[in-house]
Amino acid sequence: TARILTSEVFKFFENADVRIFLYLFHPQTGQLILVASEGSRARTDPAEAGPPAGEAGDVFDRWVIQSQQPLVVTDTAGDFRFEAKDIDGRSAFRSLIIVPLHSAHQILGILRLESDRELFFNTNDLRMFATAGEIGTLALDNARFYERLVDIALKDGLTGLYLRRPFLLQLDHAFAKSFPEGLSLVMIDLDHFKEYNDRYGHMAGDIILRWIGNYLKEFSSAHGILACRYGGEEFCILLPDVGETAALELAEEIRAAVEHHRFEIRREHLAVTVAIGVASYPGQAKDKYDLIHKADKAMYLAKKLGRNRVCAASMLQGDA
C-alpha cells in the first residue's frame, strides 16, 4: 500500500527533479521508519533520505509531528521558522512539503516531498499533497486493520505464534516442495506445566507461555523457520531443508535456553524445562502425518526418559 501511494503521488511530479518518501511509526517501538520512496535519486537508506531510522526525523519532520499540521518550505536556507543551526548541512533539498498521515487521534507517519531547487513548491502543491495524504491514510489504515484481522485468524492471542490449522497448511506447502536436506519437525512440551498452574495460578502459566512464545518467535525469525502453538502447552517448529542432525542441534539450543531462563513469579525465581521430540522426512517419516506422529512419539520418549531432554524419532523402536 505504501509503495502504491508513493508511486501514484509521484506521477504528478514525474517530470520534475523531486523525491517522495513515506515514513510510518513502528507500532511497537514508535520509531519512524522509511517504508517507500520514489523519484530522482530516491534513496532507500533512511540515513540518507530524510529522518534516520529510530529517530523522530529532522527539524522539519519534528515540526509536522508536533504541530500535526502540513508544512511547505519554499527555501530551507531562508525560512524564518527554522534556525540554520538546526538544519542538516548535508541535505541537498532546498524546498519541501510534508504532510502528517492522520488516523483517528494519532499520526501513522508522514509523507514528504523534496526538491533540490528553491521556490519549487506552492500552496496548490501543498493542497494536492495533503489530499493525497488523507486518501493514503485511509488506505494504510485499512491495510493495518486487515493485518490485525489476519493475525486474529491465524495467530494465537497469548503467544503470537501461528495456530495449528495455518501451521498445518504451511506444512502442506513444505511437502509440496523439494528440499535437498528434506525437512524436520520439532515438537515441544512444557514439563509439569499443570503443577505450575495449580500452584501459582493460570496467570503464572500465561507468563511462562508468553515468554516461550516470544522466544520461539525470535528464534524462528533468526533461523527462517516457522513456529506454532500446537496445543495448550505444546509447541511445534517446522524446519524446511534441515536434516536430523541440524534439527537436533537447534532443538538442543531451544531446550538449553528454556532451562536457563528464570521466571520471577510471586517473588520466586522459577525454572521451567521442556521435553522435545524431533523427526525428519524422508529419514524417519513417510508423509506429513507420519512426520507429526513420529515427532510426537519422540517427544513422549523424552518425557519417559526423565524430561528436560531432546529425543530423535530414530531412537524409537520398530514403527512406533
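Is Arg-307 buried, partly exposed or exposed? Arg-307 counts as partly exposed, because its relative accessibility is 29%; the scale used here calls a residue buried under 20% relative accessible area, exposed over 50% and partly exposed in between, with a 1.4 Å probe and protein chains only. Please keep in mind that this is a predicted model, in which local features need pLDDT of at least 70, side-chain atom pairs count only at pLDDT 80 or more, and totals for chains, interfaces and linings use all residues. Residues are numbered from 1 along each chain as its sequence is written, and side-chain values use heavy atoms, with hydrogens and water left out.

**Salt bridges**

- Searching the whole structure gives 18 salt bridges, each being a side-chain nitrogen of Lys or Arg within 4 Å of a carboxyl oxygen of Asp or Glu.
- Arg-307 has Asp-191 as a salt-bridge partner, with 4.0 Å between the closest N and O atoms. Arg-307 belongs to the loop between helix H8 (288-304) and strand S12 (310-312), and Asp-191 to the loop between strand S6 (183-190) and helix H5 (193-200), so this pair ties together parts 116 residues apart in sequence. Helices (H or I, at least four residues) and strands (E, at least two) are DSSP runs, numbered from the N terminus.
- Asp-191 is buried, because its relative accessible area is 2%.
- A network of salt bridges with shared partners takes in Arg-19, Asp-58, Asp-61, Arg-112, Glu-114 and Asp-116.
- Asp-75 is bridged to Arg-94, and their closest N and O atoms are 2.8 Å apart. This pair links distant parts of the chain, 19 residues apart: Asp-75 is in the loop between strand S3 (71-73) and S4, and Arg-94 is in the loop between S3 and S4.
- Arg-94 also forms a salt bridge with Glu-118, where the closest N and O atoms are 4.0 Å apart. Here the partners are 24 residues apart, with Glu-118 in the loop between strand S5 (106-115) and H3 and Arg-94 in the loop between S3 and S4.
- Asp-75 is partly exposed at 21% relative accessible area, Arg-94 is partly exposed at 27%, and Glu-118 counts as partly exposed at 37%.

**Aromatic rings and the charges over them**

- The whole structure holds seven aromatic pairs. Rings of Phe, Tyr and Trp (its six-membered ring) pair if their centres lie within 6.5 Å, and planes under 30 degrees apart count as stacked, over 60 as edge-to-face and the rest as tilted.
- Phe-21 and Tyr-23 make a tilted pair, with 6.4 Å from centre to centre and 45° between the planes. Phe-21 counts as buried at 0% relative accessibility, and Tyr-23 counts as buried at 0% too.
- Trp-211, Tyr-215, Phe-219 and Phe-263 come together in one aromatic cluster.
- Arg-112 places its charged end over the ring of Phe-93, 4.8 Å from the ring centre. A charge sits over a ring if NZ of Lys or CZ of Arg is within 6 Å of the ring centre and within 35 degrees of the ring normal.
- Arg-81 lies over the face of Trp-63, 5.7 Å from the ring centre.

- The side chains of Ser-103 and Asp-141 are joined by a polar contact of 2.6 Å. Such a contact is a pair of N or O atoms within 3.5 Å; within protein, one must be able to donate a hydrogen and the other to accept it, and residues adjacent in sequence count only if both atoms are side-chain atoms.
- Ser-103 is part of strand S4 (residues 95-103) and is buried, with 5% relative accessible area.
- Phe-145, found in helix H3 (residues 123-154), is partly exposed at 46% relative accessible area.

**Backbone details**

- Tyr-281 and Pro-282 are joined by a cis peptide bond, with omega about 10°. Pro-282 is in the loop between strand S11 (274-281) and H8.
- Gln-68, a residue other than glycine, has a positive phi near 55°. Its loop runs between helix H2 (59-67) and S3.
- Asn-308 also has a positive phi, near 50°, and is in the loop between H8 and S12.
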